[in-house]
Amino acid sequence: AAASSPNAEIPAVHREAVTALKYASSRNRLVSIGVDGVVRLWPVGTREYGVEREMCVRDGLSLHSLAISHQRIVVGAEDDTVYVFNWQGRRVAQMFPGFPVLSVVFDDRAALLVCGGAADGSIVVYDFAK
């Protein structure tokens with residue numbers, strides 16, 4: 001079977017590799033993060049797919065884990081820090097769980113789970129809501 005053509009192609013605006021994408025259906029936005037340390041918001045469903053908003057965590061700090069909810073954007077970075085933004089682009093929290101962050105899970109009930117792996121092969125889950 002032949003590969004289908006994309007409906008849209010967004011020009012490269014991350015300076016380096018994109019590491020995660022999420023779609024927020026309630027806001028009709030794509031959220032992208034990358035190795036360049038920037039979180040970008042994209043409107044979906046328009047002819048123009050330009051960046052609507054950028055939040056720089058730290059230039060050159062690789063971002064690798066992304067979770068979104070109706071109220072927040074949560075990002076895990078290579079320096080094992082978790083950054084929380086609102087949809088207006090303001091950083092509202094910064095957390096240092098103390099282990100390599102592999103995944104962040106977030107929902108609108110104010111729950112924030114940060115999951116990581118320890119050197120001994122174990123999995124660590126920390127609930128920041130408690």
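Let's begin with an open sheet of four strands, which run in the order β5-β6-β7-β8 with antiparallel pairing. At its edges stand β5 (63-68) and β8 (91-95); each has a single partner strand, so one side of each is left without a neighbour in the sheet. Neighbouring strands here are turned by 20° against each other on average, direction ignored, with axes taken as lines fitted to C-alpha atoms.

This is a predicted model, in which local features need pLDDT of at least 70 and side-chain atom pairs count only at pLDDT 80 or more, while totals for chains, interfaces and linings use all residues. Residues are numbered from 1 along each chain, and side-chain values use heavy atoms, leaving out hydrogens and water.

A strand here is a DSSP run of E with at least two residues, numbered from the N terminus, and two strands pair if DSSP finds at least two bridges between them. Strands β6 and β7 pair in the antiparallel sense over five bridges. Within this pair, arginine 72 stands opposite asparagine 86 in β7.

| Strand | Residues |
|---|---|
| β6 | residues 72-77 |
| β7 | residues 82-86 |

Now for a loop: serine 62 lies between β4 (53-56) and β5. Is serine 62 buried or exposed? Serine 62 has a relative accessible area of 14%, so it is buried (under 20%, with a 1.4 Å probe and protein chains only). Leaving aside residues up to four places away in sequence, serine 62 touches Gly34, Val35, Ala77 and Glu78, where contact means heavy atoms within 4.5 Å.

Finally, the whole protein chain has zero helices and eleven strands. Buried residues make up 37% of its 130 residues.

Notes:
Axes are lines fitted to C-alpha atoms, for helices over the stretch in contact, and angles run from 0 to 180 degrees between N-to-C directions. Buried means under 20% relative accessible area, exposed over 50%, partly exposed in between (1.4 Å probe, protein chains only).
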